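Keep the 3D view open as you read, and try to find each spot yourself.

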Amino acid sequence: MDRSIALQKSDFSDKNFLEKQDYYLNLISELMDIRKRGEKPLAFIHTYGCQQNVADSEKIKGMLYKAGFDFTDKPDDADFILFNTCAVREHAEDRVFGNVGALKNLKRKHPQTLIALCGCMMEQKHIADRMYKSFPFVSLVFGTHSLQNFPELYYRTLFSGKRVYERDNDDKLIYEGIPVKRDGTFKSWLPIMYGCDNFCTYCIVPYVRGRERSRKKDDVINEARELINSGYKDITLLGQNVNSYGKGLEEKTTFAQLIGEIDQIEGDYWLRFMTSHPKDCSKELIDTIANGKHISKHLHLPFQSGSDRVLKQMNRHYDRKKYLEIINYAKERIPDVSLTSDIIVGFPGETYEDFKETLSLIKEVKFTSLFTFIYSPRVGTPAAEMADPISAEEKSKWFRELLAVQEEIAAKRCASMVGNNEKILVESVNEKNGKLQCRNSGNIIVECEGSSDLIGTFQTAKITEARNWILRGKIV
Ligand code: 5AD
Ligand code: SF4
């Protein structure tokens, strides 16, 4: 077929969207085979940021795999290099700028290698424009809303030999049936919804991932069943705010109902989810975790700040009292529940008095572990316009204070588990000390002696020692 015809979108109806993308995958495969004379082309995919990005990269890998690609962890060997970027904090963005800049030499050595950028950074016009201008050796740029068009975009770049820049597509649709090439063989990510409607004032996510939309319940349950039947042991349902799952679906469903139904699927597996928003975290959900057969006894519930004044400024729609009510209910209903959270230190206008409220909250709740971040202004968000008089040094001091307090709490929490028998999933071998790296249902790391043959299996470990936030145990 004349390839110039294939570039005309009107050849295909929207209903046949996936067929159209498959068609482009075939064309890519043809082109790559010509160039490599039958050898499989190689792709190097590097993912920054959260699990949602990891899940997106698994789709891109799925599409490339279908086109006949294999994967490499050496950029020098790759025919195609893709960075899937993260915009949540400045630090992540700086790393991308640095790492893309470093590809200049590689492109000089291997002019045939096609370099592409995608993900959340590319949905911010000022960043994508800067990338496109600063790095002329980048041939393809596309945002999160164009992921499903990847085959077409890639083909267009290959065929035309020109740079392709695609952003701002429709963010309302969900495309089912995109192939997935999962990184893990026993742990997997399962997106149940995309986007976010909450507009926390510090957060860029609603601007780069669009409005919240949920996958249909049957689609999620079928994918979960497939994963369980093919031997996956640890399945994490993903969404920016899983508690509001189901909004806008024809079939009325809550998140608690969804996980309750998945939990009915027979098999030996753990079901996890992230992230929950305290404003939508229902007692029904906590009861479902408490009664679940497979649902891990772990609740990741970001509170961001312990100060009601700051929570209001953050547009979080709950206060400290409401947060503690949910936490106390979870502690009552789920014995030994493992609680984790996200915290931002140094939000604009936060005072040391506000920060002390955060410290007192972590002392009261006793989290297993925390993901702690220093506030990073994001262009286009309301918080970036707020007065921010506290210096970076002062914020770092608060941050270190927070880490020290949490370290002590985590150490005590872990020490209280010595002597327990814990069900663990063996995940990998720690290269530093040769021990098996495992996790319990509460997502706490447990290190054990043992053979690497056990990777991917459930075992029971007697906990013999606690080292800060890590446990050591003996497989029994
Ligand atoms: N600065 C610092 N941390 C942020 N987060 C989101 N946006 C920002 C920001 N601008 C943190 C929040 C969120 C986690 C994923 O990242 O704690 O829960
Ligand atoms: Fe960002 Fe808030 Fe949405 Fe989480 S809930 S993704 S913090 S806007």
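What follows is a short tour of spaces, a ligand site, a barrel, a ring pair and some backbone details.

## Before you start

This is a predicted model: local features need pLDDT of at least 70, side-chain atom pairs count only at pLDDT 80 or more, and totals for chains, interfaces and linings use all residues. Residues are numbered from 1 along each chain as its sequence is written, chains are lettered from A and ligands numbered from 1 in the order in which they are written, and side-chain values use heavy atoms, with hydrogens and water left out.

Let's start with the cavities. On a 1 Å grid over the protein atoms alone, a cavity is a set of points where a 1.4 Å probe fits but cannot get out, and lining residues have an atom within 4 Å of a point. Grid points are joined across faces, edges and corners, and a volume is the space filled by probe spheres set on the points. The structure has two cavities of 30 Å³ or more. The largest cavity holds about 230 Å³, and of its 15 lining residues, T144, Q148, L173, Y194 and R213 are the closest to its centre.

The second largest cavity holds about 40 Å³. Its lining is made of D56, N84, C118, G119, F142, G143, T144 and L147. Sorted by class, that gives three nonpolar, four polar and one charged (Ala, Val, Leu, Ile, Met, Phe, Trp, Tyr, Cys and Pro count as nonpolar, Asp, Glu, Lys and Arg as charged, and the others, Gly among them, as polar).

## An open pocket

A pocket is an open set of points with protein on both sides within 12 Å along at least five of seven lines. The second largest pocket has a volume of about 600 Å³. It has 28 lining residues, and D336, V337, S338, R413 and M417 lie nearest its centre. The lining splits into 10 nonpolar, eight polar and 10 charged residues.

Which helix gives the largest share of this lining? That's α15, with four residues. (Helices are DSSP runs of H or I with at least four residues, strands are runs of E with at least two, and both are numbered from the N terminus.)

## Around ligand 2

Now find ligand 2. The residues around it, meaning those with a heavy atom within 4 Å, are C196, N198, F199, C200, Y202, C203, V205, P206, Q240, H277 and R316. By class, this shell has seven nonpolar, three polar and one charged.

## A five-strand barrel

Five strands close into a barrel in the order β15-β16-β17-β19-β18, with mixed pairing. Two strands pair if DSSP finds at least two bridges between them. β18 (residues 458-467) and β19 (residues 470-475) run antiparallel, joined over six bridges. Within this pairing, I463 stands opposite G473 in β19.

The whole structure has 24 aromatic pairs. Rings of Phe, Tyr and Trp (its six-membered ring) pair if their centres lie within 6.5 Å; planes under 30 degrees apart count as stacked, over 60 as edge-to-face and the rest as tilted. F69 and Y154 make a tilted pair, 6.1 Å centre to centre with 45 degrees between the planes. The two residues are 85 residues apart in the chain, with Y154 in helix α7.

Finally, check the backbone. The peptide bond from M274 to T275 is cis, with omega near 5 degrees. N315, which isn't glycine, has a positive phi near 65 degrees, and N315 sits in the loop between α12 and α13.
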